[in-house]
Amino acid sequence: MRRIISALLISISSTLALAQGAKPLELAPDAPERHIVVPGDTLWGISAKFLKDPYRWGELWRMNTEEVKNPHRIYPGQVIVLDRSGSQPRLKLVTTKQPRREYVEPLSKGIPSIPAQEIEPFLSEPRVLDAAGLDAAPRVVALQSDRVIAGAGDTIYTTEITARHKAWQLFRPGKALIDPDSKETLGHEALYLGTARMTQAGVPSSFLVTTSKQEIVRDDRLLAAPRQDIPSYIPRAPSIQVKARVLAIYGGVNFGGPQSVVTINRGKADGLEIGHVLAADLAGAEVSNRYQGDKTDYKLPDARNGLLFVFRVFDRVSYALVMNATHPVVVGDTVRTP
């Protein structure tokens, strides 16, 4: 009876693994036996040391779904050890005795998923709104000394604002985000201009422009600055099949590479979450072959180009950081569940 139950459990496990398309974890060719976490490390960087596919980090730790969404934190000074004793490799944290030291700053901050400096501005700057998303926002009505444009250090005047926020951001209505397949409008990207701090409430209200990325003019709008949280989710592939396209590359360029930020035409409504990793495909070339006087055209299959880490998600669009790519990522490229 026990053998039958054991065989049944093995069969169920195998069936689940096959249903999920699971394949054995592949270690990186030079995977270390251990790694000491240091300030500046990221989950992606460490996982790339151990795994050929860094997005399978949660599997290497043998985490369940909830642990992946809310992972245990990894801190500088901890030692990660690679355990090869089982049928599948796994990672473990090892406690080591360290000499007592005094620190000016606490070391209680866990390491982020991806480089914070690469994405921090994008956690608050891009805003995807509906067509009328800025209509109700406070509007710039005048500039200091009746100027035509304003920048950092200048004073601007707006329609009355009663809400008290520590920081505000300036925006201008931007381009519509059009789905390249359905031609449907997915939202409107608000063009980020800079930040401002209220100096006086009233009619009009007064603001000091604290930073500016572009010139500020009359009729630009203000929105309260959101809280900036650096994602700490474990990188992982979506549990569903996602197929999307690159809508834009931040900065208005047509080509991007590692550390570029791209906009894709899928979001929360399509099952995307912060921490999801997508594979970027290189479109197969169209070639012609002439044989015995007959010419035949062929479309070569797409090939993987690199990986993207989704770090900000709106309802129907998302922003992702290009983690690696062998060729430039191009507007219109296909991205999918790896």
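**Reading buried rings and cores**

Me: Are F314 and Y319 buried or exposed in this structure?

Reply: F314 is buried, and Y319 is buried as well, where buried means under 20% relative accessible area, exposed over 50% and partly exposed in between (1.4 Å probe, protein chains only). This is a predicted model, in which local features need pLDDT of at least 70 and side-chain atom pairs pLDDT 80 or more, while totals for chains, interfaces and linings use all residues. Residues are numbered from 1 along each chain as its sequence is written, and side-chain values use heavy atoms, without hydrogens or water.

Me: How many aromatic pairs does a search of the whole structure find?

Reply: Ring centres of Phe, Tyr or Trp (its six-membered ring) must lie within 6.5 Å, with planes under 30 degrees stacked, over 60 edge-to-face and the rest tilted; the search finds five pairs. One of them joins F314 and Y319, whose centres are 6.1 Å apart and whose planes stand at 75 degrees, so the pair is edge-to-face.

Me: Which residues touch the most other members of the largest nonpolar core?

Reply: A core joins buried Ala, Val, Leu, Ile, Met, Phe, Trp, Tyr and Cys through side-chain atoms within 4.5 Å. Among the 20 residues of the largest one, W44, I114, F309, F311, V317 and L321 touch the most other members. Apart from this core lies another, of 18 residues, including L25, A28, M63 and I74.

Me: What is F309 in contact with, beyond its neighbours within four places in sequence?

Reply: Counting heavy atoms within 4.5 Å as contact, F309 meets W44, S113, I114, Y233, P235, G275, H276, V277, Y319, A320, L321 and M323. Across the chain, residues 24 or more positions apart account for 67% of the contacts with a separation of 6 or more.
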